[in-house]
Amino acid sequence: SASIMDLIHICEHKLALRNAEITKRFVVGETDLWVQPWGLGIEVRTSWDSKSETDLLNILSDTNFRLGARHLAVVVPDDFSDELFDLIRGIEKREVIKNLSIIRIGDLGKYLDEIKRKEAALERERRRYARELNKYVANRAAQDVRGFVAKRGDAAASWLRSKQATAPLPP
């Protein structure tokens, strides 16, 4: 069976293959690995018992709260028994934490590919929204300037007419 460090190194390798930069490692009370651009926290577990659930939920909840995670994954070894895997997956199935996936290390690559795809789509949507917002702001600003100039122009013309009407005629 792999050690926690072995699994963490495998996770790091699979992230590196996808050009995902790990921005935090081993912060107390947070997931073992944090990938900021994807909002992804990865916690590694090599064993499981009923007492582990509270500790795991605290770590995942704290990571969600402190870092604003969009995705959380708990990674377990491939040789985790089906019984233990089902026990830990109970957390995911109960939806205690909405953005949580419990996966075996062998499935991490597929999971990361899906996260990368989702994040790329989200980034495209953010950029599209930013372009639309910029167009709206530019159009609105242009309308405001035209309105201001029109109002000022009317006021300036009125003022000039009033000055011309009261000004003495040149000799």
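Modeller: Begin with a loop. Asn19 sits between helix H1 (4-17) and strand E1 (24-25). Keep in mind that this is a predicted model. The phi of Asn19 is near 55°, a positive value in a residue that is not glycine. Asn19 has 69% relative accessibility and therefore counts as exposed.

Glu95 also has a positive phi near 55°, again in a residue other than glycine. The loop that holds Glu95 runs between helix H3 (82-93) and strand E5 (100-104). The relative accessible area of Glu95 is 48%, so this residue is partly exposed; the cut-off for exposed is over 50%.

Now the helix itself. Glu95, with its positive phi, follows H3. The buried residues of H3 are Phe85, Ile88, Gly90 and Ile91. They pack against three elements: helix H2 (52-67), strand E4 (71-76) and E5.

E4 has strand partners. Strand E3 (residues 40-44) runs parallel to E4, joined by 5 bridges. In that pairing, Leu40 is opposite His71 of E4. From E3 the chain passes through H2 to reach E4, a β-α-β crossover that is right-handed. E5 also runs parallel to E4, and 5 bridges join them. Here Leu72 faces Leu100 of E5. E4, H3 and E5 form a right-handed β-α-β unit. That ties the helix back in: the buried residues of H3 pack against both E4 and E5, as well as H2.

Last, the wider chain. The protein chain has 4 helices and 5 strands. Along the sequence the pattern reads α-β-β-β-α-β-α-β-α. Buried residues account for 34% of the 171 residues. Take the contacts between residues at least 6 apart in sequence: 65% of them join residues at least 24 apart. The chain exposes about 11000 Å², and carbon and sulfur atoms supply 56% of that area.

Notes: Residues are numbered from 1 along each chain as its sequence is written. This is a predicted model: local features need pLDDT of at least 70, side-chain atom pairs count only at pLDDT 80 or more; totals for chains, interfaces and linings use all residues. Side-chain values use heavy atoms; hydrogens and water are left out. Helices (H or I, at least four residues) and strands (E, at least two) are DSSP runs, numbered from the N terminus. Buried means under 20% relative accessible area, exposed over 50%, partly exposed in between (1.4 Å probe, protein chains only). Contact means heavy atoms within 4.5 Å. Accessible areas come from the Shrake-Rupley method with a 1.4 Å probe; for residues, only the protein chains shown count as cover. Two strands pair if DSSP finds at least two bridges between them. A crossover is right-handed if, with the strands pointing away from the viewer, the path from the first strand over the helix to the second runs clockwise.
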